[in-house]
Structures are given as structure tokens and as C-alpha cells.
Amino acid sequence: MAAMFDFKVYLPGVALALVTGCKSPPTAPADSDGTTTTTTTTTTTATTTTTTTTGTSPTSTGGETTSGTTGSTSESVDSSTSDDGSYIIIPDLGPQPPCDCAEDELCVYEILSDSWVKICVAAPAGCAPQQKCSAACMQACVHPTPPRPDCDDDPAEALVCDGWSSSACSPWGQNCPEGQKCAPLVDKVGSNWELECVALADPAPALGEPCLGPAGSPTGKDDCAAGALCWPIDGDGDKKCVANCGGTPDDPECAVDQVCATLRDGTITACLPICDPLVQDCPMGQVCSPGLDGFACLPDTSGSDGDLLDNCSEHDGCDAGFHCLPWPLQTDCGHYACCAPFCDVNAPDCPNGSDCVSPYSLDDTEPPPDWDHVGVCVKPKP
């Protein structure tokens with residue numbers, strides 16, 4: 001089962017986001033003697049465009065932002081990274097060059113596995129790039145949020161997304177040229193998920209019809225129409241076209257009896273069948289996991305793990321009845337993330353002295369209507 005929370009690295013601190021995935025936090029669990037050990041091996045190479053991860057505006061030296069509706073970028077090369085990928089420290093080498101985008105394009109910051117770059121993307125519907133500090137322009141972000149208080153409409157400056165999360169296109173804005181669609185794919189080098197504009201298949205299967213995934217698609221991604229994707233993303237089994245979520249992350253839109261699920265750092269949005277995590281009433285081979293506006297049936301990718309306190313990650317998941325949570329939220333978790341059981345807030349029965357808490361409240365959001373009784377077992381607050 002895919003997990004709900006995704007670590008995003010800010011220095012200092014760790015943030016949790018409502019996306020179905022969980023990654024390693026920037027520090028390791030305590031050793032048996034109560035201490036915490038973190039080993040980092042750092043290598044640095046010459047860089048054209050680099051930034052810091054201190055939560056301030058990205059900075060760099062050299063490089064040139066190039067225009068393009070499919071996500072053209074300024075040149076960038078490696079900077080300082082840790083071998084285990086737990087966090088990245090990139091030197092501040094001075095100011096970045098100004099944006100140089102076409103009038104109908106929006107300049108945004110994109111985070112790569114080891115650097116920041118400015119990219120030019122197609123402006124979402126209703127977005128005037130000259131007034132980029134608007135809700136319409138924020139739809140270009142992977143995780144659209146209200147603009148930051150320090151947002152600057154200066155055309156030389158790039159738009160800063162929540163967690164610097166931007167890509168060549170947005171699953172919410174669907175801002176690709178005519179004849180293309182926004183598709184998720186994994187970066188072969190850094191194993192990071194990102195989005196690209198890809199050519200539409202002709203003809204394209206309708207929603208609910210069988211489809212071809214990346215391996216067999218004429219586009220190289222999938223052959224579903226714009227606003228849809230071939231589901232499930234992973235595996236070689238039977239697949240069908242499902243709708244991308246409409247609306248916004250705060251107010252997602254799907255058909256009746258469907259929930260908006262987000263996976264792979266938010267690059268994937270899918271309208272999937274609703275379910276009850278306390279009943280686990282999904283079809284065989286699927287598990288019930290939190291989405292943005294309820295609980296949805298997702299493929300079970302747990303493999304041989306997935307039971308109580310088993311190791312889990314974005315790609316591994318947990319068995320039915322369990323949910324992947326980062327180690328700071330759990331008692332006796334010996335990994336970066338472990339499987340924790342779902343529970344009934346009104347009749348909790350949690351192991352290891354854990355508390356039954358809504359998974360949504362862990363991200364400081366309200367549970368969806370009718371789901372405030374569903375919880376997950378977490379470490380009690382000190």
C-alpha cells in the first residue's frame with residue numbers, strides 16, 4: 001500500500017505533505033544507546049546553476065534560462081549531495097541570471113536531485129505571466145498553494161512554488177501545448193518523479209477503456225487522452241484509463257464514489273474508487289489508503305513486507321489495514337518509515353501505547369467529511 005506522507009527536505013526542519021508516499025527524513029532513527037548517527041559523504045563539482053536548501057530564495061551563478069513550453073531549463077550540473085540521498089547541501093554561489101521566457105510563458109523554479117533551475121513553462125488557463133502572484137499562475141505548481149507573502153511580480157524573478165515543487169507542466173493546471181498532455185515519469189538518474197508534456201496518442205482510449213502503459217505506448221508514456229492516465233502506473237497487469245483529479249488540492253474534483261489520490265511526490269493525481277480503511281473493502285490486490293478528500297483503493301505494492309513496524313517507503317507500501325508513516329511518528333520503528341495500523345478514533349485499539357489520530361491531522365488539515373473517525377496509530381505526544 002502506498003503511504004500518505006512525503007518528506008520534503010528544508011534546512012532546518014522536515015515538512016509533511018498530503019501525498020501518497022513517504023521518503024527518508026534528513027536524520028536517521030536513534031541507535032540502541034539513544035544517540036542519533038548520520039553519515040554524509042559529500043562531493044562537489046563545478047556548477048552552472050545551483051542553489052541552497054535553506055528555505056530562502058534559490059541562488060546560483062552563471063547559466064541562462066531558455067524558453068520552451070515543454071520545460072526548457074537553464075544549464076545545471078551537480079553540486080553537493082549526500083551518498084544516501086537523505087539530504088542535499090548546495091553552496092550559495094551568487095545570484096541567478098534573470099528569467100528569459102516568452103510573453104505567454106511562466107518562469108518557475110524547479111528542484112532537481114542536486115540543484116535548482118529556472119524553467120519556462122506554458123502558463124495555465126487564466127494566468128497572466130506578468131502578474132504571476134495569482135491563484136491561476138500557482139496552478140503551474142505540482143502542489144498549488146496560495147502565493148508566498150514575498151511573491152514578486154518582477155518578470156526577472158521566477159515563481160516559487162510550495163516546497164519549490166514545479167515541473168515542466170502541472171497535473172492540476174494541465175498546461176501543455178495543444179496536442180500534448182502532462183504525464184508523470186521517473187528521472188532515471190535521480191529516481192525522482194517529474195512531469196513532462198508528451199504527444200497525445202491518436203486515437204486515444206476513453207476513460208475506463210484498456211490502455212497501454214509506458215512500455216507499450218506510442219507516446220512513450222501512455223496512450224490515454226488529455227486529463228487521463230493509464231492506471232495503475234506500475235506493473236505489467238491489465239490497465240485502464242482513469243481521470244486526473246480536477247479542481248485544486250484543497251478542493252479536488254472527481255466523479256461520484258471516487259476520491260482524489262496523489263502519489264509520487266504529487267506528480268500523479270488519479271480519481272480512484274472510494275473505500276473504508278477500517279473495513280479494507282477494496283478488490284483483491286488493492287489496499288485502502290488516504291487520498292486528498294477521502295480514502296481510495298490503491299495497488300498493494302508491499303511485497304513480503306507490509307505488517308506492523310515493517311520497513312516501508314513510497315515504492316514498498318504496507319499490507320491492507322496498515323499505513324506507512326515516518327519513524328518520528330511511531331513507537332519502536334527501527335526504519336526511516338514503518339507500517340502502522342489504522343484504528344477507530346471512537347474505539348481505539350493501538351499497540352505499543354500508541355494514540356489513534358486522524359492521518360489528516362498529522363498534516364494540520366481537517367479530515368474529509370464523514371471520515372473524522374478513521375485514525376492511524378502514532379507515538380503519543382510528549
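In what order do the four strands of the open sheet lie? The order is E18-E19-E21-E20, and the pairing is antiparallel.

## The model and its confidence

This is a predicted model, in which local features need pLDDT of at least 70 and side-chain atom pairs count only at pLDDT 80 or more, while totals for chains, interfaces and linings use all residues. Residues are numbered from 1 along each chain as its sequence is written, and side-chain values use heavy atoms, with hydrogens and water left out.

The average pLDDT (the predictor's confidence in each residue, from 0 to 100) is 74 for the protein, and 71% of the residues score at least 70. Over residues 1-91 the pLDDT stays under 50, and for this stretch the model has 283 contacts (heavy atoms within 4.5 Å) beyond four places in sequence.

In the open sheet of four strands, strand E18 (322-326) and strand E20 (355-357) are the edge strands, each pairing on one side only; two strands count as paired if DSSP finds at least two bridges between them. From one strand to the next, the twist averages 45 degrees, where axes are lines fitted to C-alpha atoms, for helices over the stretch in contact, and angles run from 0 to 180 degrees between N-to-C directions.

Strand E19 (residues 337-344) and strand E21 (residues 374-378) run antiparallel and are joined by three bridges. Phenylalanine 342 has valine 376, in E21, as its bridge partner.

## Two nonpolar cores

A nonpolar core is a set of buried Ala, Val, Leu, Ile, Met, Phe, Trp, Tyr and Cys residues joined through side-chain atoms within 4.5 Å; buried means under 20% relative accessible area, exposed over 50%, and partly exposed in between (1.4 Å probe, protein chains only). The largest such core has 13 residues, and Leu229, Trp231, Ile268 and Leu272 are those with the most contacts inside it. At least two residues of this core come from each of strand E10 (228-231), strand E14 (258-263), strand E15 (268-273) and strand E17 (295-299). Apart from it lies another core, of twelve residues, including Val108, Ile119, Cys141 and Leu159.

Leaving aside neighbours within four places in sequence, tryptophan 231 is in contact with several residues, among them Cys211, Leu263, Ile268, Leu272 and Leu298.

## Disulfides

The structure holds 18 disulfides, each being a pair of cysteine sulfur atoms within 2.5 Å. In one of them, cysteine 211 and cysteine 230 have their sulfur atoms 2.0 Å apart, and the link is right-handed, with 95 degrees about the S-S bond. Cysteine 211 lies in the loop between E9 and E10 and cysteine 230 in strand E10, so this pair ties together parts that are 19 residues apart in sequence. Cysteine 211 is buried at 11% relative accessibility, and cysteine 230 is buried at 3%.

Another disulfide joins cysteine 176 to cysteine 197, with sulfur atoms 2.1 Å apart; the torsion about its S-S bond is about -90 degrees, so this link is left-handed. Cysteine 176 counts as buried at 17% relative accessibility, as does cysteine 197 at 10%. The disulfide of cysteine 133 and cysteine 151 (S to S 2.0 Å) is also left-handed, with -90 degrees about the S-S bond, but here cysteine 133 is partly exposed at 25% and cysteine 151 is partly exposed at 25%.
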